[in-house]
Structure formats: structure tokens, C-alpha cells
Amino acid sequence: MEAQYNTNLTFQALSIKGRKRTTHFTLKLTSMIDMFTILLVFLLKNFSAEGQIMSVAPDLRLPESTAQKAPERASIIAVTNDFVLLDGERIAKINDVVASDKLLIPELMSELQKKRQLSEKIGQIHSQMAFTGKISIQGDRELPYLVIKKIMFTCGQVGFNEMMLAVSKPD
Amino acid sequence: MNLKQAIGKGQRNRDVDVNIIPVMNIFLLLIPFLLLTAEFVHLAIIELSLPSLNRGQSRQEIENPQELVLVILAVKETGFQLKAQGFVFDPLYKNGNQYDYASLVEQLKRIKEQHPYAEDIFISAENNVKYDIIVKVMDRCRETGFPNVSLSG
């Protein structure tokens, strides 16, 4: 005896001659249920209750690392192969950063100072939101160390001392 | 339907339908919810902190200051060079295009054996070394027992 995973729908359709005729439809759902089950297992497997704290630009390929620490909420400096971005806004071009012979990136520094001032003002209102000096840096894996060094130096100058390097976990 | 009916006399060829509509309802609700919360890129962070007051205090808490050793790892375009007080290490040249991570881990383990309390390491890299290499080196250091990685120019 075979169990049929079907739903039965009964239609009453009018034929051309006006006679009432009963048509019996069965909808085969077995394959759909199979697919849903596989999808459900897959989605449950990579379910995380924390949600996504950081999002990564599509042209940014983070280096792979065995680090296990979960990301924290902080301002994000994204360094792609073309631009330096702070929280999604373009700050400087990588070519200019590489060409400059100074360690400090002035455009980034002024923006970071604004962030810090804002954060300190909010901190005066509510102590839980105080300035912590945390910043995440998302760097492309192909970048030369010089660029990362300049970014970190600039962060350190403004007072963002706790830097978190974003990396991707291998599957 | 009960079992008696199902296997009963004259009922052998009867079709049994399982009502799967409630299951479909659950699936249709669960799948969009899980799709929305799914994370397809698994991210992690490596914490770096510049030397600050807190770390100075923790350093004083260690009873034997002699146990601490200054470990400096130079990452060059040609390979690694590890330096530590009381040790002489051969430079580790690249094997073709590949950095010699295995030998680096061995050298780090030698330091760790003699100085089990040493946890700090300074990584000093050349300007053109790729960020990917730096992260890989930091991984190896952390796995070998040097979790406090500092980067210097």
C-alpha cells in the first residue's frame, strides 16, 4: 500500500454542451516537499541568532583566517582595491594613498575625527553609548601592507585604538 | 484511519492519503524566515590593540618577568626572519611562490617551549607584502600560542 503525497482538488467544470462534469485533479507534491526539506535543513544549518553585524562590499575579498571571534558593532573602514570607504562613504582613492609619502591619510583623519566627536557627544547623553575607540577594518586580501599600515596609523592618531580586522571564515 | 481498517478484509487496495497541507504551511513560513536571517558570508574578527595602560598592568601581574621575551617576526617579500632574545634562527626563504609556514611554526614552538608565558609577538612587514600573508602569519602565531600580535611598520 503506497501512501500518495497528493492533494485532491475536485472541480466542477461546465463543458461546451452545458453539461456538468466532475473533473478530478491530483497535484503531485512529493518532489516539492523533498526540495523544501533539503532547503530547510540547509537553512537551519547556517542559521545564526545574532544576525548580520557587518556587511561586505561585493568587490571586497576578505582574507581567510582561522579566527573565531564574532564581529562587534563599530564603524567600518572598508579598503577595496580602488577606494577607502568609511561606513560606506568614499573617502580617498587607493592610488593617492599609495602615492603619498606620509603615513597619515588626511581625508580619513578628518572624517574619523567627526565620528569621534559625534560619538563623544552621544556618550555625554548616555554612558552606554560612550566612545570606545573600536573600529573594524575590512581590507581586500590583495592590498599591500603599506595601505593597511597607513589606515591603522591614521586610526591610532585619532584615538581609535581597538582595531578589529575583518576576516572571512573558511567553510 | 486505524490499522485494522488499513489491513482489514477487502481493503488491501485502498489508497492512503497523508494530509501534508499543514506541513506545507509550516515550510512556507519557515523557509522565508530562515532565508532572511541566513548568513552566507561567515565573518570573524582579529582583534588588534595598540599598547595601552591595561596591557601594561597585566604584564606586571606575571610573577617572573624573566619569562617574557621579545619576539620579532619580519615578513619580507623573500621570506620570514624570526628574532628573539637568546635564539638564533635561520631566515626562512620562500619556497618558489609559497611562504614556509611550517618551519615558522616550528621556530615559534621552540620559543614557546623555553618561554611558556611569552604571549606577545611583533610582526614587522615590508610595504609590498600582501595583507593576506599578514593575516595568515597572524593565524599561525595565534595558533602556536602568541595571541597578542602587534603590527609595526
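## Salt bridges

By the rule used here (a side-chain nitrogen of Lys or Arg within 4 Å of a carboxyl oxygen of Asp or Glu), this predicted model holds 9 salt bridges over all chains. One of them joins A:Lys69 to B:Glu47, with the closest N and O atoms 3.5 Å apart. This pair crosses between chains. A:Lys69 sits in the loop between α1 (30–45) and β4 (75–79) of chain A, and B:Glu47 sits in strand β2 of chain B. Helices (H or I, at least four residues) and strands (E, at least two) are DSSP runs, numbered from the N terminus. A:Lys69 is partly exposed at 38% relative accessibility. B:Glu47 is partly exposed too, at 36%. Those classes follow relative accessible area: buried is under 20%, exposed is over 50%, and partly exposed is in between (1.4 Å probe, protein chains only).

Two further bridges lie within helices. A:Arg116 pairs with A:Glu120, the closest N and O atoms being 3.0 Å apart. Both residues belong to helix α3 of chain A, 4 residues apart, about one turn of the helix. A:Arg116 is partly exposed at 25%, and A:Glu120 is partly exposed at 33%. In chain B, B:Asp132 bridges to B:Lys136 at 3.2 Å between the closest N and O atoms. Helix α5 of chain B holds both, again 4 residues apart, about one turn of the helix. Here B:Asp132 is buried at 14% relative accessible area, whereas B:Lys136 is partly exposed at 29%. Elsewhere, shared partners join A:Lys69, A:Glu72, A:Lys134 and B:Glu47 into one salt-bridge network.

## Interface of chains B and A

Contact (heavy atoms within 4.5 Å) involves 49 residues of chain B and 58 residues of chain A. The area buried between the two chains is about 4900 Å². Carbon and sulfur atoms give 66% of that area. Buried area is the accessible area (1.4 Å probe) lost when two parts are put together, summed over both. In chain B, the residues that lose the most area to chain A are B:Leu43, B:Ile45 and B:Tyr131. Together they account for 18% of what that side buries.

The interface count is 2 salt bridges. There are also 14 residue pairs in polar contact, both residues at pLDDT 80 or more. A polar contact is a pair of N or O atoms within 3.5 Å; within protein, one must be able to donate a hydrogen and the other to accept it, and residues adjacent in sequence count only if both atoms are side-chain atoms. On the chain B side, the elements giving two or more residues are β1 (16–17), α2 (21–37), β2 (43–49), α5 (131–144) and β7 (148–152). The largest share, 10 residues, comes from α2(B).

## Aromatic rings

The structure holds 6 aromatic pairs over all chains. Rings of Phe, Tyr and Trp (its six-membered ring) pair if their centres lie within 6.5 Å; planes under 30 degrees apart count as stacked, over 60 as edge-to-face and the rest as tilted. A:Phe131 and A:Phe160 are edge-to-face, 5.1 Å centre to centre with 75° between the planes. The pair links distant parts of the chain, 29 residues apart. A:Phe131 is partly exposed at 21%, and A:Phe160 is buried at 4%.

In chain B, B:Phe80, B:Tyr99 and B:Tyr101 form one cluster. The charged end of B:Arg140 sits over the ring of B:Tyr101, 4.5 Å from its centre. B:Lys112 lies over the face of B:Phe146, at 5.3 Å from the ring centre. The rule asks for NZ of Lys or CZ of Arg within 6 Å of the ring centre and within 35 degrees of the ring normal.

## Conventions

Residues are numbered from 1 along each chain as its sequence is written, and chains are lettered from A and ligands numbered from 1 in the order in which they are written. Local features need pLDDT of at least 70, side-chain atom pairs count only at pLDDT 80 or more, totals for chains, interfaces and linings use all residues, and side-chain values use heavy atoms, with hydrogens and water left out.
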